[in-house]
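Me: I've got a model open on my screen and a few things I'd like to ask about it. Can you walk me through some of it?

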Amino acid sequence: MLYSPPMKAHLDSFVLALRYLLKWSLVSLLIAVLAGSASALFLFSLDAATAYRERQPWIIWLLPLAGFAVGWVYLRWGREVEAGNNLLIDEIHDPKQVVPLRMAPLVLGGTVISHLFGASVGREGTAVQLGGSLADQLTNVAKLGPGERRILLMAGISAGFASVFGTPLAGAIFGLEVLVIGRMRYDAIFPCMAAAILADQVGLAWGVHHTHYAVAAVPPITAWSIAAIVAAGVAFGLAGMVFARATHALSGFMKRHVAYAPLRPLIGGAVVAVAVWAVGTQRYVGLGIPVIVEAFAHPLPIWDALGKLAFTVASLGTGFKGGEVTPLFYIGATLGNALAPLLELPFPLLAGVGFVAVFAGAANTPLASTVMALELFGPAIGPYAALGCVVAYLCSGHAGIYKAQRGAKPPFSAGRDPRRDADR
C-alpha cells in the first residue's frame with residue numbers, strides 16, 4: 001500500500017478541505033461583488049437623499065404621503081418579502097424557496113424614500129436584505145442544497161452588514177451570531193468571513209467612505225472604571241430592551257387597529273412630521289450621524305437619546321422601511337455621553353461603549369458588537385466594550401429586534417444549574 005489507512009484518511013480530509021475552500025472562495029467572491037456593489041449604490045443614494053432633505057426641510061410634511069406610497073407598493077408587489085430580515089432568518093432556519101429578487105429594489109427604494117422625507121430609520125436592515133436576497137439568487141446557479149443554501153444566506157447577511165458599516169470582522173460574526181441566541185454555526189465561518197471582507201473591499205473600490213469616530217483617551221482599568229461600565233451596561237441593556245419591545249408593541253397595535261397597510265405609515269408619517277414641527281428641529285430624524293459624531297466631541301443632554309428612541313419607534317413601528325442599528329448607535333452614543341458625568345468616566349469612552357452596547361442588547365449579538373468596537377474605535381477600548389456589551393446583552397433578557405431569532409430566552413434562569421445549561 002502506498003498510504004497507510006490513517007494517512008489516507010488525512011489526505012482525503014485535506015482534499016475535501018481544499019475543495020470546500022475553492023468552492024466557497026468563488027461563491028463568496030460573487031456574493032461580495034453583488035452585496036458590496038448594492039451597498040455602495042444604497043449609501044450613495046442615501047447621502048443624496050439626506051443632503052436634499054437637509055437643504056429642503058419643508059419636505060418632511062410630505063412624509064405621510066411618502067409612507068402611504070411605499071406601503072401601497074409593498075401591499076401590491078412586496079407581500080412575500082415584507083418580513084425583511086426576519087424572512088432571511090426564517091429561510092436559514094427552515095429553507096423553503098429562494099427569496100424573491102424583488103426584495104432588493106423594494107427595500108432599497110423604500111428606505112431611500114423614508115430617509116428623503118424624514119423618517120427616523122437606519123440602514124443595516126436594507127443592506128442585510130440586499131446582501132441576503134442577491135446572494136440567494138446564486139442558489140440555483142451554483143446548484144446548492146438546503147444546507148449549503150443556509151450558508152449562502154448567512155454569507156450574504158455578513159457581506160451586507162460589513163459593506164454598509166465598513167466593519168468586515170463584525171459583519172462576519174453578525175451573520176453567524178444573529179440567528180440563534182447563544183449558538184454559532186462554525187461550518188459557515190469561512191464563507192461569512194470571506195464574503196464580509198471582500199464585500200467591504202468592493203464597497204471601498206466603489207468609493208464608499210465610512211464615518212470615523214475618535215475615542216481619544218481610554219483610561220486605565222481600575223475597580224471604579226469596571227464598576228462604572230457594569231452600571232452603564234445595565235442602562236444600555238434596558239435601553240435596547242425598551243427599544244425592541246416598544247417597536248414590536250407599536251407594530252402589533254397598528255396591525256390590529258389599522259387593517260389597510262398603507263395607512264399605517266401615513267399615520268406614522270403625520271405623527272413624525274408634527275412632532276418635528278413641535279420640537280423645532282430635525283435632529284431626531286434620518287440617520288443622525290452628525291449627532292453621533294457630536295457625542296464623541298462634547299457633552300450632550302439625555303433628551304437626545306430619548307428623542308431618537310421615540311422618533312425611531314414611531315417610524316419603524318408604523319411601517320417605514322430601513323434598519324434599526326444606526327438609530328441604536330445614536331441612542332447608545334448619546335446615552336453613554338449623558339451618563340459619563342454621573343459615572344466619572346470620559347464621555348468619548350462611554351459614547352463608544354454605548355454605541356455598540358445598546359446594539360448588543362437589542363440584537364442579542366454581544367460578540368459582533370464587541371468586535372465592531374475594536375474595528376471602529378481601536379483595541380484600547382476592547383475590555384470596556386466587551387464588558388459593556390455582555391452586561392447589556394444579559395440585562396436585555398430575551399427581547400430582541402429580530403422576531404425570527406431563535407433561542408430567544410434569557411441567558412440565565414433562576415433556579416437552574418448553569419452548568420447543565422452549558423452542557424446542552
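Reply: Helices (H or I, at least four residues) and strands (E, at least two) are DSSP runs, numbered from the N terminus. This is a predicted model, where local features need pLDDT of at least 70, side-chain atom pairs count only at pLDDT 80 or more, and totals for chains, interfaces and linings use all residues. Residues are numbered from 1 along each chain as its sequence is written, and side-chain values use heavy atoms, with hydrogens and water left out.

Me: Is serine 396 buried or exposed?

Reply: Serine 396 is found in the loop between α17 (382-395) and α18 (418-423). Buried means under 20% relative accessible area, exposed over 50%, partly exposed in between (1.4 Å probe, protein chains only). Serine 396 comes out at 0%, so the word is buried.

Me: Which residues does serine 396 touch, leaving out those up to four places away in sequence?

Reply: Contact means heavy atoms within 4.5 Å. With that cut-off, serine 396 touches Gly237, Met241, Gly361 and Asn364.

Me: Which helix gives the most to the lining of the largest pocket?

Reply: A pocket, on a 1 Å grid over the protein atoms alone, is an open set of points where a 1.4 Å probe fits, with protein on both sides within 12 Å along at least five of seven lines; lining residues have an atom within 4 Å of a point. The largest pocket is lined by 35 residues. With seven residues, the top contributor is α10.

Me: And which helix provides the largest share of the lining of the second largest pocket?

Reply: Here 31 residues line the pocket, with Thr211, Leu287, Gly288, Ile289 and Pro290 closest to its centre. Elements giving two or more residues include α7 (146-165) and α12 (289-295). The largest share, seven residues, comes from α1.

Me: What is the distance between the closest N and O atoms in the salt bridge of glutamate 148 with lysine 23?

Reply: A salt bridge is a side-chain nitrogen of Lys or Arg within 4 Å of a carboxyl oxygen of Asp or Glu. For glutamate 148 and lysine 23, the closest N and O atoms are apart by 2.5 Å.

Me: How many residues apart in sequence are the parts that this pair ties together?

Reply: Glutamate 148 is partly exposed at 27%, and lysine 23 is partly exposed at 31%. Glutamate 148 sits in helix α7 and lysine 23 in helix α1, so the parts they tie together are separated in sequence by 125 residues.
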